[in-house]
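This report concerns a single protein model. It should be read alongside the sequence and the coordinates.

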Amino acid sequence: MRRTLGKVRLPSLHRWAAGAVALLGLFTLATVPSHGAPVRPEAAATYTNPVSTGAVDTFPDPAMIRGKDGLWYAYGTQNPVMQSKGEDCERILPILRSADMVTWEYAGEVFTPANKPAWHQGSRLWAPDVRYASGLYHLYYSVPGRNTVGLATSATPTGPWTDRGSVLPSPSGCPTGNIDQAQFTDTDGTPYLYWGSYDTICVARLNADLTRTEGEVTQVARGRRVEGGFVVRRGAYYYLFYSDAGCCDGAYSGYQVKVGRSTSPTGPFTDDEGTGLMDLTSKAGVVAGAGGNRWIGPGHNSLQTDLSGQDWLVYHGIPAESPDLAPASNGTLKLTRRPMLVDRLDWIDGWPVVRAGAGPSDGPVTAPVTAPAVGGTFEDGGLAGWRAEGGTAAGWKAGNDPDSHTYAAHSGGGNVPSYLLAEGRVPSGLRAEADLRVTSPDGAAGLTVAHRDRDNRIVAWLDRARGALVTDVRVGGRSRGEQLTALPAAFSWDTWNNVSVELRGTRLTVEVSGDRLRDPVAVQSRVVPAAAVHQGAVGAAARGAGAADNVGATALYRPVTKRVTTGGPGDLLPAHSDEFDGPAVPGTTSGSPWSWVRGSSAGVTMSGGALSWPTQDAELHLGNNTASVLLRDAPKGDFTVETKLRFAPDKAAQQAGLVLYENDDRFFKLVHSVLPLTNGDGALLDVSEFGKEGERPTTTPPTAVANAPMFGGPTSGTMWLRLAYHRDTEHGEHEVRASTSRDGAHWSTGSVWTLPVEGELRIGLVSHNRSGVTADFDYVRTYGAR
């Protein structure tokens with residue numbers, strides 16, 4: 001039986017689908033409303049990706065928000081999400097709902113064919129981004145058929161939605177596809193919109209009501225197939241997450257999530273190797289990439305924070321065992337299956353990475369903390385289980401509205417604070433939060449923690465009279481000092497704002513935001529006296545008229561501080577290595593470990609400890625297999641092969657590097673190459689390109705050959721390239737991970753391509769695609785497994 005999160009049970013999906021088909025409209029409702037008090041089951045201890053299983057078949061480009069009713073909501077790209085339930089159509093911006101971030105149910109869609117705005121002109125709608133501001137949920141979405149971004153707003157997370165039209169002018173000012181948008185609000189209250197796809201991401205300010213971009217447009221990132229920007233602020237930095245290399249080619253999707261950071265929301269952003277995201281090269285900073293398990297092409301992320309303060313990456317991945325969907329009846333071409341994944345996001349040495357670098361999970365892992373240890377949402381009995389003290393304690397009453405449902409409301413005047421405290425105590429190392437609003441012009445609403453009594457507590461106030469976030473620490477009846485942080489002039493006091501408090505040791509950190517999406521409009525950090533750090537109650541505080549909801553606290557998360565190691569090379573294997581300091585190779589001789597496919601390439605020489613190989617006007621791609629390949633046997637078992645390459649391509653498609661080669665239609669390739677940017681401005685991009693070629697597993701029989709790229713770290717005139725090979729005997733797969741370096745010491749470790757094992761792979765070199773430049777290979781060194 002499907003879990004019910006509200007008082008009204010969601011309709012049976014099978015029954016709903018059958019009725020819709022009978023009516024030929026296929027869609028009958030824009031949303032499935034939620035009314036009444038949600039039933040919140042006990043939070044899961046573990047979960048297994050994909051979290052959207054059981055609710056939908058696919059959920060691309062997911063965005064997630066915690067609603068003011070205390071539940072989580074996710075929004076996805078228009079797709080045929082119910083094929084397995086008998087539907088032959090697409091849902092337009094589908095919505096999911098969850099009590100714990102990992103168990104989801106279908107909750108409707110933003111538009112139907114019946115109410116979809118005419119200005120879309122039949123376009124499919126992609127890549128939603130959701131925010132909460134000034135009492136409304138703002139859903140930005142891509143309209144690729146019109147090359148623009150739309151906006152819909154609603155008073156609740158499931159609608160009904162009011163369309164606000166296009167957000168971008170025409171032309172937009174960005175030399176790119178005008179899709180894949182994300183909104184962000186800075187600490188001074190300035191709202192921004194990021195957007196762009198294939199191959200540039202841009203940013204511009206939004207107007208005060210968040211409906212239109214205005215002013216200067218700034219390019220902040222570019223690269224081969226760069227898209228899906230999403231910005232958060234953490235500490236002194238703004239982090240721009242994005243994806244590259246292509247989302248939607250089934251088992252051959254090279255998507256990865258990468259990141260750069262800046263001290264300004266408009267850049268410049270740099271990756272973790274110091275490369276500018278606007279530089280004409282591929283980039284490092286991998287946050288999530290394929291790790292060799294079932295998940296291919298992880299990408300297009302958003303972010304969510306659980307109640308302990310732990311961040312989670314929300315993104316999609318492609319299951320290797322079932323990468324494709326059938327075409328939908330509306331004429332949509334065959335689509336890639338992309339269910340929603342959620343994984344722990346660690347911040348290590350100032351950089352975000354999924355599961356300390358282990359990548360997407362495909363087995364049981366620890367679930368997010370989604371229920372407070374103390375406190376709650378007032379849904380299960382109003383103010384029962386809460387006690388009032390201080391000031392006008394009798395002023396606390398239960399209120400209700402369609403969005404937040406039941407909440408705690410305070411009325412009454414005076415400057416003496418009133419408190420509404422949850423039963424129980426939380427440890428001193430805690431994270432607490434509350435949704436607050438202040439409805440009297442000189443009032444304040446607050447979150448109190450470490451509360452023993454009114455003379456011993458810490459309160460974070462939204463103080464309307466002073467227009468500020470105010471923290472007040474009291475020990476033994478004496479204030480240890482108030483600290484004020486100004487809130488933006490346009491701060492919406494009368495609507496819900498989230499206040500979170502973290503107490504780690506004696507460091508107190510408070511953030512104020514509308515939507516908990518790491519875009520705070522105020523951040524305050526201070527050291528409190530040790531005497532203020534102790535177990536205590538959590539609760540709401542008020543002076544004058546105001547309200548509080550979702551008030552609770554739990555133990556603060558323990559950060560992961562070290563990355564997992566992917567394993568460097570083991571001992572050198574001289575029998576499978578070559579320093580290119582002896583005779584042979586060019587044409588090879590009998591007894592040489594090297595041999596040529598299609599004969600020796602013209603102009604190959606070997607001298608001074610290097611193999612020099614001019615690029616050929618020839619190809620190794622799908623059915624065009626005319627290039628020479630220099631090969632030698634690989635060792636048995638797992639190994640790593642490395643080369644040092646001096647190469648300065650200056651024309652599109654020139655490439656040279658390493659291969660692990662079975663035949664012309666089954667190989668892995670890591671090369672330094674040059675590719676044109678898609679947006680047609682004539683710029684060329686230097687890239688480290690990691691590709692594979694093989695049969696598509698979903699054809700019958702699997703004979704169609706496909707080729708796919710993935711992009712590694714930044715390039716230079718001298719590159720070190722590595723391919724690390726592992727045979728997965730359990731699943732019968734070749735697994736190959738690529739790494740690149742510009743100095744031979746510091747490596748940018750990338751993701752994994754896989755192919756089913758059919759034959760043995762050989763180690764090789766290539767230099768081809770377009771003539772005009774020479775590749776100098778200093779050596780080929782092969783190492784055993786560590």
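The model is predicted: local features need pLDDT of at least 70 and side-chain atom pairs count only at pLDDT 80 or more, while totals for chains, interfaces and linings use all residues. Residues are numbered from 1 along each chain as its sequence is written, and side-chain values use heavy atoms, with hydrogens and water left out.

**Overall form**

Along the principal axes, the C-alpha atoms fill a box of roughly 95 × 65 × 50 Å.

Of the 786 residues, 61% are buried (under 20% relative accessible area, with exposed over 50% and partly exposed in between; 1.4 Å probe, protein chains only). Taking contacts (heavy atoms within 4.5 Å) between residues at least 6 apart in sequence, 64% join residues at least 24 apart.

**Charge**

There are 72 positive and 81 negative side chains, and the centres of the two sets lie 5 Å apart. Lys and Arg count as positive and Asp and Glu as negative, without His and the chain ends; the charge is placed at NZ of Lys, CZ of Arg, CG of Asp or CD of Glu.

**Aromatic pairs**

The whole structure holds 16 aromatic pairs. Rings of Phe, Tyr and Trp (its six-membered ring) pair if their centres lie within 6.5 Å; planes under 30 degrees apart count as stacked, over 60 as edge-to-face and the rest as tilted. Two of the pairs are listed here.

| Pair | Centre distance | Plane angle | Class |
|---|---|---|---|
| Tyr239 and Trp347 | 4.8 Å | 75° | edge-to-face |
| Phe491 and Trp493 | 4.7 Å | 75° | edge-to-face |

Tyr239 is in strand E15 (residues 237-244) and Trp347 in strand E20 (residues 340-348), so their pair ties together parts 108 residues apart in sequence. Both Tyr239 and Trp347 are buried. Ring pairs also link Tyr237, Tyr239, Phe241, Trp347 and Trp351 into a cluster. Phe491 is buried at 10% relative accessibility, and Trp493 is buried at 11%.

**Pro635**

Pro635 sits in the loop between strand E43 (629-633) and strand E44 (639-646). Its relative accessibility of 12% means that Pro635 counts as buried. Not counting residues up to four places away in sequence, Pro635 touches Leu573, His576, Ile763 and Thr782.

Methods
Helix = DSSP H or I, 4+ residues; strand = E, 2+ residues; numbered from the N terminus.
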